[in-house]
Amino acid sequence: MWNPFKKNMQKKSMYDTNTLVERGNSGNIYYLNSMLKDYTGLVIGNKRDKKIDFDLSRDTDKRIALEVCTPLAMVADKCGKMLSNGKFYVVDKDNSENKQFQWVEDLLKQPNVLQTGKQFNKNVEILLKVFGRCPIYVNRVMGKAISMWIIPPELFHLETTGNLWNQTELSGIIKKAWIDWGGEQLILEEGDYFVINESNTEIYPSNTEMLYKSISDTLSHPVNNWMSQMIARGTLINNGGPKGIICNDDVSEYRNSALDNKESDNLNTKFRDKYGIVNKLFSIWVTKAKVKWIPLSFNTSQLVLHEEDQSCVYAISNLIGLNPSLFDTKSIESNMSNAETSAYQNLIIPDAESYAEALTNYIAPEGCTIKLDYSHIACLQDDKQAASSALSAASNAIIQLYNAGIITDNESRSEISNYIDINPTILDGKLKENGTN
């Protein structure tokens, strides 16, 4: 691990005085943007060929990548905003609103004193996409949930008993749960937390911490490549860089014998570290050595650094399940609308159903069901019209079958429940018994 505070790290007097400069083992000089100076995961000048090394299988690296990798933050934020567009509604076992569950709706609208329901939901989805899970702390009074807080996944830990296959209770699997908070362990009881999870969990026979494996673990290469090209672009823009070559101009038999190793090193170091091309006047540098300057003319676009922006966005979007055209400003409106519809149908709504199911299981009282509705979303209206047409056709067919005595009222309600959200076992507010009213 590279330590930015080690002795041979120093700040250079360049255009950006906060830029860190590091000389690698091979003698190369690397310029690092100041936003990365506190990250000890950077690898400089060692045997590995990567200057930026994020391991996205580690929660700590995921957190930092979410803060500094723009494509990752952009895609995750898009998912969060889309999920937060859903509207909560709470129903009883008869699929009807019930005033006794009003406190559940109030909690969902204001989970804690710092967040609204929309803000809370957005953060839940971001963590699901980046970490593969979202632990939630539940504050209860007399068993009733009065507030909820999102626990940063990198601070949340579960120690297992090492038992799994024959267990029917959580206590038989989880030995200890805690939050790392200010160097201390905040121990959590079973009812104090729950985890919305789309990762694969790993439990081993020995008493070890539960491990999570998420598809986002595979994003290390795209994130590392993007960070590397951003640093390269920053170096070209802020620090200039050589636009030519200083070389020996002594053709005599002595070949610049006066140019010793120390002066040669000064030539390279001072040129690279001092001379810039942005908001920086060129200085006159004098040496007793006989040297010449060979200017280089090349197009920096040939480095194709900007292509990594699109490549990273595509890799992250495709992995998460979003159509990358959602982020393509050149995409035509119809393509973007189709991509948004697909995102809601194939990603956001399934996530919302899992989220609502978890909320129902862990904070809702018996007989209460929490749901998230997206039928009001503009891009889904075409599908809503198609569903309405299908319902109308099915209803007419079912009525004809019922009137002809081919099906019973029980069978007709059962069939129509495939098109609308009704309980087929309830008729006129009464439970049907043995197929009769």
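In this predicted model, helix H1 passes helix H4 in a right-handed crossing. H1 spans residues 59–68, and H4 spans residues 117–131. The axes of the two helices come within 10 Å. They cross at roughly 120°. That angle makes H1 oblique to H4, because angles of 65 to 115 degrees count as roughly perpendicular and those over 145 as roughly antiparallel.

Residues from both helices form the contact. H1 contributes Asp59, Lys62, Arg63 and Leu66. These meet Ile126, Leu127, Val130 and Phe131 of H4. By residue class, the contact of H1 with H4 holds five nonpolar and three charged residues. No polar residue takes part in this contact.

Cysteine pairing was examined next. A search of the whole structure finds zero disulfides. Cys69 and Cys312 illustrate the point. The closest cysteine sulfur to that of Cys69 lies in Cys312, at 4.3 Å. A disulfide needs the two sulfur atoms within 2.5 Å. The distance of 4.3 Å is therefore too far for a bond.

Cys69 has a relative accessibility of 1% and so counts as buried. Cys312 has a relative accessible area of 0% and is buried too. The cut-off for buried is under 20%.

Key: Residues are numbered from 1 along each chain as its sequence is written. This is a predicted model: local features need pLDDT of at least 70, side-chain atom pairs count only at pLDDT 80 or more; totals for chains, interfaces and linings use all residues. Side-chain values use heavy atoms; hydrogens and water are left out. Buried means under 20% relative accessible area, exposed over 50%, partly exposed in between (1.4 Å probe, protein chains only). Axes are lines fitted to C-alpha atoms, for helices over the stretch in contact, and angles run from 0 to 180 degrees between N-to-C directions. Helices (H or I, at least four residues) and strands (E, at least two) are DSSP runs, numbered from the N terminus. Angles under 35 degrees count as roughly parallel, over 145 as roughly antiparallel, 65 to 115 as roughly perpendicular and the rest as oblique. A crossing is left-handed if the near helix is turned anticlockwise from the far one by less than a right angle, and right-handed if clockwise. Contact means heavy atoms within 4.5 Å. Ala, Val, Leu, Ile, Met, Phe, Trp, Tyr, Cys and Pro count as nonpolar, Asp, Glu, Lys and Arg as charged, and the others, Gly among them, as polar.
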